[in-house]
Amino acid sequence: MASPAVDIPFDKRYKCWFCEEPCRGLFDYPAPPFCPHPSLAVPACDECLKLARQQALTSIYECRLAVKDALMARYAKHLAIGSNWTREELEQSEFECKIFGGFKKSAWFMFEVARDRVNARGWPLALNGIPLDESGSDTRFTFDGLEFASVLAAVRHYVGIWSLDKQLLETLLGLVGHERFGYALRLCRLHLGSTPAMKQMLIRDVRAELGQA
């Protein structure tokens, strides 16, 4: 038996709850034991529907985080455009040959589409007018115009596009905190080719700067 469909705001008709792309399908979520909400069905595009079926987890909210993680991994190259370029830099670039000319025309559009899908918040869920409890469901982290499902998702993204040392980045974040994510990223990029000894020295220096030595 199909689960009841969630209430859909008028301005969200035919939009995917996960990424807000146009859709006409439904993702049926049978609530597992200990799930904080009842069984339900949410609108989903074909891509998010397939991803959601692979990442059911223990609530529809955890499922959404997993889908966003999967989208971010799938479109990492598109999202990297916004980390490596600005719109103005692309427009003013001298990419005029057949191969790079196409990139120049479409790159920023591809970035914006991927960014907006990853950043999409959907809408607060309700069944027959009764809102669902979302307390404790939000682990989102925003950095550099991108909304990540979690800090760990942001770490995976930047480690992937810049070939950073994941352990070093996580160690630095543990020292300086998530609010200084950009600072930790810059240190990791400066030490891309550093030896393990140099990285340990960096960690000691950061500890000393924070008074933790």
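I call a residue buried under 20% relative accessible area, exposed over 50%, and partly exposed in between, using a 1.4 Å probe and protein chains only. The model is predicted, so I noted that local features need pLDDT of at least 70 and side-chain atom pairs count only at pLDDT 80 or more, while totals for chains, interfaces and linings use all residues. Residues are numbered from 1 along each chain as its sequence is written, and side-chain values use heavy atoms, with hydrogens and water left out.

**Cysteines.** I looked up Cys45, which is buried because its relative accessible area is 8%. A disulfide is a pair of cysteine sulfur atoms within 2.5 Å. The closest cysteine sulfur to that of Cys45 belongs to Cys48, and at 3.6 Å it is too far for a bond. By this rule I recorded 0 disulfides.

**Helix α8.** Helices (H or I, at least four residues) and strands (E, at least two) are DSSP runs, numbered from the N terminus. Helix α8 spans residues 181-190, and 7 of its 10 residues are buried, so the rest of the structure largely encloses it. The buried residues are Phe181, Gly182, Tyr183, Ala184, Leu185, Leu187 and Cys188. For Cys188 I noted a relative accessibility of 2%. Contact means heavy atoms within 4.5 Å, and the elements that cover these buried residues include β5 (141-143), α6, α7 (166-176) and α9 (196-209).

**α6 against α8.** Axes are lines fitted to C-alpha atoms, for helices over the stretch in contact, and angles run from 0 to 180 degrees between N-to-C directions. The axes of α6 (residues 151-162) and α8 come within 12 Å and cross at roughly 25°. That makes the two helices roughly parallel, since angles under 35 degrees count as roughly parallel, over 145 as roughly antiparallel, 65 to 115 as roughly perpendicular and the rest as oblique. Val151, Ala154, Val155, Tyr158 and Trp162 of α6 make the contact with Phe181, Leu185 and Arg189 of α8.

**α3 against α6.** Which residues of α3 meet α6? I first noted that helix α3 (residues 76-84) packs against α6 at an angle of about 80°, with the axes 10 Å apart, which makes α3 roughly perpendicular to α6. On the α3 side I found Ala76, Leu79, Ala80, Ser83 and Asn84, and they meet His157, Tyr158, Ile161 and Trp162 in α6.
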